[in-house]
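User: Please take a close look at one part of this complex, and keep to what the model itself shows.

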Amino acid sequence: MKPAPFDYVAPAILDEAVGAMATGGGDAKVLAGGQSLIPMLALRLARPTLLVDINRLPGLDGIREASGLLEIGALVRQRALERWAATRSPLFSEVLRHVAHPPIRNRGTVVGNVVHADPASELPAVLLCLEGVVVARGPRGERMIPADRFYRAPLTTALGPDELATAVRFTLPPPEAGWGFAEVSRRHGDFALVGAVAVVTRGDDGAVSRARLAFFGAGGTPTRALAAEQALAGRTATPALLGEAARAAAAALSPDADIHATAAYRRQVAGTLAERTLAAALARCGGAR
Amino acid sequence: MTRTIRVTVNGQEHERAVEVRATLADFLREDLDLTGTHVGCEHGVCGACTVLLDGEPVRACLMLAVQADGLRITTIEGVAPADGLHPIQEAFWAKHGLQCGYCTPGIIMSASAFLRERPSPSREEIREMLAGHLCRCTGYHFIVEAIEAAAQALAPPTPRPTSPRE
């Protein structure tokens with residue numbers, strides 16, 4: 001047994017889980033899929049005094065698509081979203097294939113991955129790119145936290161110590177939008193050294209009407225490339241313009257260096273992936289052209 | 001802190017009090033003496049401890065034993081028939097898909113679920129699946145071949161084309 005001792009509760013009612021988080025006095029952790037938390041316990045990087053296992057809570061395992069939103073409950077496994085996406089969302093299908101390995105995705109939850117806030121993780125960048133929100137429940141009730149205000153630092157979010165995330169909501173791109181996703185990692189399923197995700201919509205005149213680009217593994221948090229998005233909006237996308245926007249996006253990043261890659265390498269790869277994902281997104285744009 | 005759990009492992013029901021911080025891998029090995037589930041890294045990287053939870057592969061080191069309460073687990077001990085080996089085990093034997101054997105139980109558990117979902121996988125798909133398992137001996141080539149051979153062994157026999165004379 002490697003984890004340090006802790007108390008354990010597995011409430012069957014959401015309010016009880018929220019109450020338990022409050023009694024933990026900042027030292028309680030939510031256990032859902034456990035695929036990030038349990039390694040941290042095993043390595044004793046985390047020593048919570050109380051684990052609140054939410055796996056018995058009812059009503060948190062739903063995937064709901066309505067009026068352009070995709071809502072995913074806190075107990076939806078990554079594998080369940082992957083299976084859902086197989087027939088409905090090529091973007092999510094491609095993204096999920098890159099999240100660790102099937103045995104991890106069978107247990108790991110989408111919401112857990114989003115709130116764990118590993119900067120090299122795919123889904124947080126997708127949430128940012130798709131202007132999603134995190135639905136949080138705490139002693140003072142429910143609140144929505146937009147993705148662009150959610151990520152603060154590696155493994156650090158706007159979620160309070162007494163709050164638990166009950167769902168995430170992605171804003172689905174319109175059907176005529178195109179998407180691109182790419183990452184570089186040493187091995188399939190490893191955390192990305194760098195990755196990018198892009199969603200682009202074109203107007204009737206063929207010009208870019210809207211572009212969204214986000215990076216992961218390129219800084220302390222997932223990062224949106226706002227300047228590049230603005231540089232593309234309203235312009236006719238030529239290869240030169242894409243290259244320019246991608247280079248500008250990469251120049252604005254502050255990637256970290258570690259044993260896997262230097263900061264300069266990450267910035268260069270980020271630029272290349274930005275260009276590729278934007279080009280892929282444009283190529284997939286449907287509708288009027 | 002302990003809790004009593006009831007789990008079905010390889011078809012047999014067990015009721016035990018477990019320490020809440022014990023992982024499922026600890027429980028299988030220490031409490032049930034099912035030491036075929038190997039633990040390598042104990043933090044989810046190596047895949048050696050992979051077991052089936054309600055038929056789906058999971059890392060036994062990345063879940064607490066208490067979380068398995070009420071669920072059905074299959075370990076490597078539950079794979080082979082009473083006399084002999086499972087076709088995947090046969091294929092690993094025939095194709096030299098193992099050397100020291102430490103990673104083998106986890107790979108066989110993953111492969112059994114994988115081949116159920118993809119009965120005739122490409123080499124690329126097999127390699128993508130194997131990315132979740134570390135093997136330090138074989139260099140993976142023979143494991144890929146073993147899984148290919150297992151897929152063929154498990155495939156339903158194809159009907160022979162009828163000859164035009166018949």
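Which helices and strands of chain A and chain B each supply at least two residues of the lining of the second largest pocket?

Analyst: The model is predicted, and the predictor gives the complex an ipTM of 0.92 together with a pTM of 0.95. For chain B the mean pLDDT is 95, with 95% of its residues reaching 70 or more. The second largest pocket has a volume of about 510 Å³, and among the 25 residues that line this pocket, A:Arg79, A:Glu82, A:Arg105, B:Glu117 and B:Arg118 are the closest to its centre. From chain A, the elements that each supply at least two lining residues are α3 (78-88), α4 (90-97) and α5 (102-105), while from chain B they are the strand β4 (56-59) and the helices α3 (104-117) and α4 (123-130). Of the contributing elements, α3(B) gives the most to the lining, with 5 residues. By residue class, the lining of the second largest pocket divides into 12 charged, 8 nonpolar and 5 polar residues.

The structure holds 1 cavity of 30 Å³ or more, and about 40 Å³ of space lies in the largest cavity. The lining of this cavity also draws on both chains, with A:Lys2, A:Pro3, A:Ile38 and A:Ala42 from chain A, and B:Thr23, B:Asp26, B:Glu42 and B:Cys61 from chain B. Those cavity-lining residues divide into 4 nonpolar, 1 polar and 3 charged.

Conventions: Residues are numbered from 1 along each chain as its sequence is written. Chains are lettered from A and ligands numbered from 1 in the order in which they are written. This is a predicted model: local features need pLDDT of at least 70, side-chain atom pairs count only at pLDDT 80 or more; totals for chains, interfaces and linings use all residues. Side-chain values use heavy atoms; hydrogens and water are left out. On a 1 Å grid over the protein atoms alone, a cavity is a set of points where a 1.4 Å probe fits but cannot get out, and a pocket is an open set with protein on both sides within 12 Å along at least five of seven lines; lining residues have an atom within 4 Å of a point. Grid points are joined across faces, edges and corners, and a volume is the space filled by probe spheres set on the points. Ala, Val, Leu, Ile, Met, Phe, Trp, Tyr, Cys and Pro count as nonpolar, Asp, Glu, Lys and Arg as charged, and the others, Gly among them, as polar. pLDDT is the predictor's confidence in each residue, from 0 to 100. Helices (H or I, at least four residues) and strands (E, at least two) are DSSP runs, numbered from the N terminus.
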